[in-house]
Amino acid sequence: MIPYGRQEVTEEDISAVIEVLKSDRLTQGEAVTDFEQAVAQYCGVEYAVACNSGTSALHLACLALGIGSGDLVWTSPITFLASANCAKYCGADVDFIDICPQTFCIDTQILTSKFKESDAKGKLPKALIVVHFAGLSANMEVISQLCRQYNVAIIEDAAHALGGKYCGQPVGCCKYSDISIFSFHPVKMITTGEGGMAVTQSELLATRMRELCSHGVVRGDAWEYEQRVLGFNYRLTDIQAVLGLSQLQRLDNYVEQRRQLAVHYQACLGDDGLVWQHEPDLIVNTYHLFVVQLPESTDRRAFYNFMHQRGVGVQVHYIPVHTQPYYQQQGFAWGDFPNAETFYQRALSLPLFPTMTDQQQEVVINAVRDGMSLLCA
Ligand SMILES: *Cc1c(COP(=O)(O)O)cnc(C)c1O
């Protein structure tokens with residue numbers, strides 16, 4: 001089966017990990033700091049806090065911004081669950097901003113009207129979690145202007161978008177946001193097995209996140225330490241950090257390889273009635289995912305099954321978060337965010353990963369064509 005995403009682990013990665021395994025420090029050594037500094041430099045930010053998952057990074061970001069019970073956080077319904085769950089961990093309520101049918105990111109017009117309505121009702125959110133879906137940056141100029149106007153903090157969920165660009169700047173540079181977060185899960189742009197990072201230009205937010213990442217403890221002289229807030233053990237290990245550092249050297253190549261594969265899909269499948277994510281000028285998509293929209297008439301489940309029978313591991317990203325049973329219990333229902341739901345009903349991610357061979361891509365393209373002529377009226 002050709003998977004929809006797959007990591008690459010090289011001999012250099014393996015040697016780097018073995019070296020840490022033979023050393024004195026498996027965790028809390030220098031590798032984590034080195035990895036943090038390398039990612040900070042790559043993104044052009046001052047501060048980076050590594051942690052054990054992208055989800056933990058989102059949780060730390062919410063806590064550092066002071067999000068708590070009684071607060072409201074907005075995010076996209078087309079994302080992985082963690083973009084919404086992180087606010088719930090803090091006791092906050094979540095609401096969603098529907099997506100733009102072309103970019104699959106938060107729709108800025110819908111956001112504008114939602115801000116107006118919520119302001120009139122006195123129910124503004126404390127933070128907006130912006131998801132750069134599939135690696136395509138959302139329209140941060142407009143979003144940050146709105147959030148500044150209404151005094152709302154911004155967290156960029158850049159789990160898909162490490163290596164992407166927005167208006168000439170690296171995604172995650174925090175020019176338009178308070179904090180950006182990344183994930184290093186194996187399907188993401190680079191991997192540490194599990195892992196994540198939060199980056200920011202604010203010393204205060206960085207200090208808070210660092211404390212919260214390790215029990216809320218600040219070390220003093222000799223044996224002394226003080227717990228000032230209720231923190232967690234969200235630490236990344238040095239074993240993971242050296243893997244991340246080694247992988248980071250190949251990030252630009254990965255983006256290039258993914259973009260070439262995406263261009264080839266677009267060139268080969270352009271006439272077949274499929275629609276894909278629009279890439280606006282001045283935005284460089286990382287293509288963490290290559291999501292197509294099937295024609296409306298297509299039976300997606302039959303198409304999915306057909307592809308799997310042909311050895312092509314297509315996937316669906318994502319089931320709209322507000323339709324999950326947990327979020328339905330919080331009062332959301334099908335029908336609440338129509339663009340997200342229409343997107344979902346037609347969405348299918350085709351395999352795309354840096355080590356994908358030309359032959360593998362031909363297998364996918366031929367299977368898509370056969371599936372379309374068989375199943376799309
Ligand atoms: C993967 C992902 C996360 C969570 O990252 P983990 O490292 O798996 O915890 C958060 N947001 C989005 C959009 C993701 O795709």
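# Aromatic pairs and charges over rings

Y327 is buried, at 2% relative accessibility. Buried means under 20% relative accessible area, exposed over 50%, and partly exposed in between (1.4 Å probe, protein chains only). This is a predicted model, where local features need pLDDT of at least 70 and side-chain atom pairs count only at pLDDT 80 or more, while totals for chains, interfaces and linings use all residues. Residues are numbered from 1 along each chain as its sequence is written, and side-chain values use heavy atoms, with hydrogens and water left out.

**Aromatic pairs**

- Rings of Phe, Tyr and Trp (its six-membered ring) pair if their centres lie within 6.5 Å; planes under 30 degrees apart count as stacked, over 60 as edge-to-face, and the rest as tilted.
- The structure has 18 aromatic pairs.
- One of them joins Y326 and Y327 edge-to-face, at 4.9 Å centre to centre and 85 degrees between the planes.
- Y326 is partly exposed, with 37% relative accessible area.
- F332 and F337 make a tilted pair, with centres 6.4 Å apart and 45 degrees between the planes.
- F332 is buried at 13% relative accessibility, and F337 is buried at 8%.

**Charges over rings**

- A charge sits over a ring if NZ of Lys or CZ of Arg is within 6 Å of the ring centre and within 35 degrees of the ring normal.
- K114 places its charged end over the ring of W74, 5.7 Å from the ring's centre.
- R300 lies over the face of Y344, 4.6 Å from the ring centre.
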